[in-house]
Amino acid sequence: RRIIEVCENLDIGFKLLPGIREVIEGDSFIHHLREVRLKDLLGRNPIKLELPELSTDIEGQTVLITGAAGSIGSELARQIALHVPGKLILVDQAETPLYYIDLELGKKYPDLDVEACLIDVTDGTRIDQLFALHQPSRVFHAAAYKHVPMMEAHPRAAVHNNVLGTWLVAKAAGEHGAKRFILVSSDKAVRPANVMGATKRIAELVTLHLQDSYPNTAFGAVRFGNVLGSNGSVIPLFKRQLEAGEPLTVTHEEVSRFFMTIPEAVQLNLQASLLPRIKGGITMLEMGEPVPIMELAKNLLRLSGKGARVGRDIVITGLRPGEKLHEELTGTDEKSIKTGIEKVYLLDTTVSELPEPIAIAIEGGRIADILAYLRSEIMEVDLGTEVVIDWEKPVAQGVGSN
């Protein structure tokens, strides 16, 4: 980084050489120059979790993944396919990306029984039929609306998909005897300042709430930060701006985020699913220090051989509706507890109850009541007078997993 900073004002590109050890040991050659990779911007070494027991756990089992066409869901599908499940069920409402992940797995694992199901997770009848037909033993619920500004403008759609969708899939898992249900959650569920984070927090509470009703199913949630390279995340946006010759846009000079790579996120989900203590709990990954987005932008520009001057190469656009300056992985009422796995923690929380009237409202699909609870009890940070949320905007037909 220091060398790149010195060379910042030179109008030349940068490429990376393999390490000397790699060359000496014959793993690479000196002419193997490469472009910058996402993990070069992470600010730490990517975490690799050993999963030798996963093969024993997955082999021969029926595994269901919702949001299977998305960044996390599709990588979950790839890594689970490696361990020879008896059947892999891919659920998503996005037709084209679902088609492509099904095509990819069919080509790579021709003997694997893969079924792509074009189903909206908020369609309770279809979800129940799916579980009744296939009887999955492992369920990974990755389907969610995730874009903060979009959900600020469409709070009813956020509740419909993130809360009701989670309820329907988790309840079906319990009713049809799944051994495990794992919710893919977010650090934005911690002291949520936006609609998306608040709905993910309620989704966590839904997951924990159902544990008592279905004790034979282990319900758990996995919480982590932003994912480098995922659909709609900051890196693909920066890359599009670079390719178009535009300055990179950063919302605030001090904004920071926790980052992890897609393989890290998926490994955590898989590892967490094997923890006996995940039952009725939330896990998280130790993600190191938060990464300043400004530094991320500067590093990407420098490694691309560009200047990194604020005002010319980087433009400050102002915080978006519902956006926090800094994210957290644990709330003030939560304590992280070490597990037997390095860098994987269980959260001990004193606030994990879903009030019975809200559980009834969720089961009845009463979005107005859920929104009232979200506003009064879940969102902990005042959004300010400049943010206008249309709480009464109707849910569009076909709202589902993303």
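Predicted model: local features only at pLDDT ≥ 70, side-chain atom pairs only at ≥ 80, totals over all residues.
Nine strands form an open sheet, and their order is 3-2-1-4-5-6-11-15-14. The pairing in this sheet is mixed. Strands of a sheet pair through backbone hydrogen bonds, either parallel or antiparallel. Two strands stand at the edges: strand 3 (114-118) and strand 14 (334-338). Each has a single partner strand, so one side of each is left without a neighbour in the sheet. From one strand to the next, the twist averages 25°.

Strand 14 pairs with strand 15 (residues 344-349) in the antiparallel sense. This pairing runs over 5 bridges. Ser336 has its bridge partner, Leu347, in strand 15.

Now move to strand 5 (residues 180-184). Here 5 of the 5 residues are buried, so the strand is largely enclosed by the rest of the structure. Its side chains point two ways. Arg180, Ile182 and Val184 point one way, while Phe181 and Leu183 point the other way. All of them are buried.

Strand 5 has strand 4 (residues 138-141) as a partner, and 4 bridges join the two. They run parallel. His141 stands opposite Leu183 of strand 5. Strand 6 (residues 218-223) is also joined to strand 5, through 5 bridges, and this pair runs parallel too. Which residue of strand 6 is the bridge partner of Ile182? That partner is Gly220. Between strand 5 and strand 6, the chain passes through helix 9 (residues 195-213). This β-α-β crossover is right-handed.

Side chains of opposite charge can pair when their charged atoms come close. The model's count comes to 13 salt bridges. Glu204 takes part in a salt bridge with Arg201, where the closest N and O atoms are 2.7 Å apart. Both residues lie in helix 9, 3 residues apart, or about one turn of the helix. Are Glu204 and Arg201 buried or exposed? Both are buried.

Glu204 also meets the side chain of Arg223 in a salt bridge, at 2.8 Å from N to O. This pair links distant parts of the chain: Arg223 sits in strand 6 and Glu204 in helix 9, 19 residues apart. Arg223 has a relative accessible area of 1%, so this residue is buried. Glu204 has 0% relative accessibility and therefore counts as buried.

Arg366 pairs with Asp369, and their closest N and O atoms are 2.7 Å apart. Arg366 is partly exposed because its relative accessible area is 38%. Asp369, with a relative accessible area of 35%, is partly exposed as well. Elsewhere, salt bridges that share partners join Asp57, Arg138 and Arg180 into one network.

Tyr99, Tyr100 and Leu103 make a nonpolar surface patch of about 350 Å². Where does Tyr100 have its place? Tyr100 is in helix 5 (residues 95-108).

Conventions: Residues numbered from 1 in each chain as written. Heavy atoms only, no water. Patch = residues over 30% accessible without salt bridge, like charges linked within 9 Å, V, L, I, M, F, W, Y side chains within 5 Å. Areas by Shrake-Rupley, 256 points an atom, 1.4 Å probe, with all protein chains shown as cover. Salt bridge = Lys/Arg side-chain N within 4 Å of Asp/Glu carboxyl O. Buried < 20%, exposed > 50% of the residue type's maximum accessible area, 1.4 Å probe, protein only. Pairing = 2+ DSSP bridges. Right-handed = clockwise from strand over helix to strand, strands pointing away. Axes fitted to C-alpha atoms, helices over the stretch in contact; angles between N-to-C directions.
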